[in-house]
Amino acid sequence: MTDTSLARPTDRRAWLGLMAVLPLVLLVAMDGSILYLAMPRVTSAITPTADQALWILDIYGFVVGSLLIAFGNIGDRYGRLKLIMIGAMVFGAGSLGAAYSQTPESLIASRAVMGLGGATLLPSGLAIVSSLFPDPRTRAQAIGIFAATFAAGFAIGPVIGGLLLRQFEWGAVFLINVPVVIGFLISAPVLLQEVRSTTYGRIDLVSLMLSFAGILLFTYSLKSAAAHGFTPTLLTIGIVGILALGLFVRRQSRVDYPLLDLDLFRDPIFSIAILTGLLTLVVWSATGYLSGIYLQSVLGFDVFNAALLTLPGAIVLTATCVGTARIVERIGRKTALVATHLLISVGVLLLLFTTTEVGIAAFIASAMIAGVGFGLSFSLVAEIAVSAVPVERAGAASSIAETSNELGNALGISLLGSLAALSFRLLGPGVAGTLNETLDQSDPEIIVRANEAFLTGLHVAVGAGGLLTLATGIIAWLWLPRKLPE
């Protein structure tokens, strides 16, 4: 690897370069969660169907997750700074389109464009930050700040969304991205320098298309079936998606430069770390999305007060990210990894105590306990995954860890969100496909039944998520060696 770095590790310009990249990192993370509290407002404004509402939420994460590894290779070949600047412009253009969308279709398309830009920002941003700090110790501090910023973005996204929606229309949650992108485009050429690798390989376009098509086709069939019921067409689409993913996995063992290095998964430590990253974001995104609707549409809080209720969990999560290194030093990596799953499981299962009339205490307790687990995961997963593999494979391991986070963020809404949507369709009054559409009815009996059906769907989804994390924690405790590599 050959890279251009800035003078001394303590050089003020290096830290200014880090500060130029961090706002973009924050935006990419925030845009994975900022819509959780905004969705009731979006639903009322442009009336998406149940499956369109899910696509609005998770098309961004699917595009980012599907392209992270590919864009990591492209950045190595053509230059990280060049790629991140192009990606920032695309991200800004998609944000503008989303802010002024008038139909569900245009909002979905704009979110996809945002994902296209966002997929360039994380791997390129991390590579550029690493190049700014030649000293390993200072570089570790900078990467820690990078990771904490990413985690904080996930945590504060709903809060920022709620604060904006108190004063502005729903498009403001996207419009705030534009000045940040402009500021980066102005400062980047001054504070950052180009980074590229001399050891890049050919990008396998067939693998890229198979992974992207497989993920989208499979999740489309799943989400549409949850909202409207299975049909032969949806079943066929789902099977095609599964076949595409199977061909993708098979191809990775046969091409010279795979997008996904399957050999890394032979190491149980690496596999458990990646599964942790994936599952953590599955549960995080699903509970965040469903809880946002619960607080506003079932309990009747306005968006600002709902945002305030998320603050305790966000604060705990961010504080845990900052303090993870000290926690791991005291209890060890294995114990911290297992605790991640147990805390998330206990936290989300507390949501089973919510009702259609009361649930604030259960929600806050859930967010704070699970927040410790989420904070540990966000800071720990990539570190464990990278330390489990040889040094020459650290880049591939880091890309897979980032991809697992983004795919988990999208899959949570697709899988657990679809499970909740299916419960609502089966148990609800049958007036409309979503709770918000149903609440537009004036019949009190219909509203009561709709709220109860949504709450049942919430309980089914968080119950499934809590049991999955609990099972993974037990597997990690039994399977992993007593001491994990540093």
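How many salt bridges does the structure hold? The structure holds one, where a salt bridge is a side-chain nitrogen of Lys or Arg within 4 Å of a carboxyl oxygen of Asp or Glu. This is a predicted model, in which local features need pLDDT of at least 70 and side-chain atom pairs count only at pLDDT 80 or more, while totals for chains, interfaces and linings use all residues. Residues are numbered from 1 along each chain as its sequence is written, and side-chain values use heavy atoms, with hydrogens and water left out.

The salt bridge joins the side chains of Arg266 and Asp263, with 3.3 Å from N to O. Arg266 is exposed, at a relative accessible area of 69%, whereas Asp263 is partly exposed, at 37%; here buried means under 20% relative accessible area, exposed over 50%, and partly exposed in between, with a 1.4 Å probe and protein chains only.

Turning to the rings, the structure holds three aromatic pairs, counted for rings of Phe, Tyr and Trp (its six-membered ring) whose centres lie within 6.5 Å, with planes under 30 degrees apart taken as stacked, over 60 as edge-to-face and the rest as tilted. One of them is the edge-to-face pair of Phe265 and Phe270, with 5.1 Å centre to centre and 75° between the planes. Within this pair, Phe265 is partly exposed, with a relative accessible area of 30%, but Phe270 is buried, with a relative accessibility of 0%. Another pair brings together Trp284 and Phe374, and because their ring planes stand at 80°, with the centres 5.4 Å apart, this pair is also edge-to-face. It links distant parts of the chain, since Trp284 lies in helix α11 (residues 268-298) and Phe374 in helix α14 (residues 360-387), 90 residues apart; helices (H or I, at least four residues) and strands (E, at least two) are DSSP runs, numbered from the N terminus. Trp284 counts as buried at 11% relative accessibility, and Phe374 is buried at 4%.

A ring also takes part in a charge contact, for the charged end of Lys334 sits over the ring of Trp477, 4.7 Å from its centre; the criterion is that NZ of Lys or CZ of Arg is within 6 Å of the ring centre and within 35 degrees of the ring normal.

Finally, Asn451 belongs to helix α17 (residues 444-479) and is buried, with a relative accessible area of 12%. Leaving aside residues up to four places away in sequence, Asn451 touches Ser297, Val298, Thr356, Leu435 and Leu439, where contact means heavy atoms within 4.5 Å.
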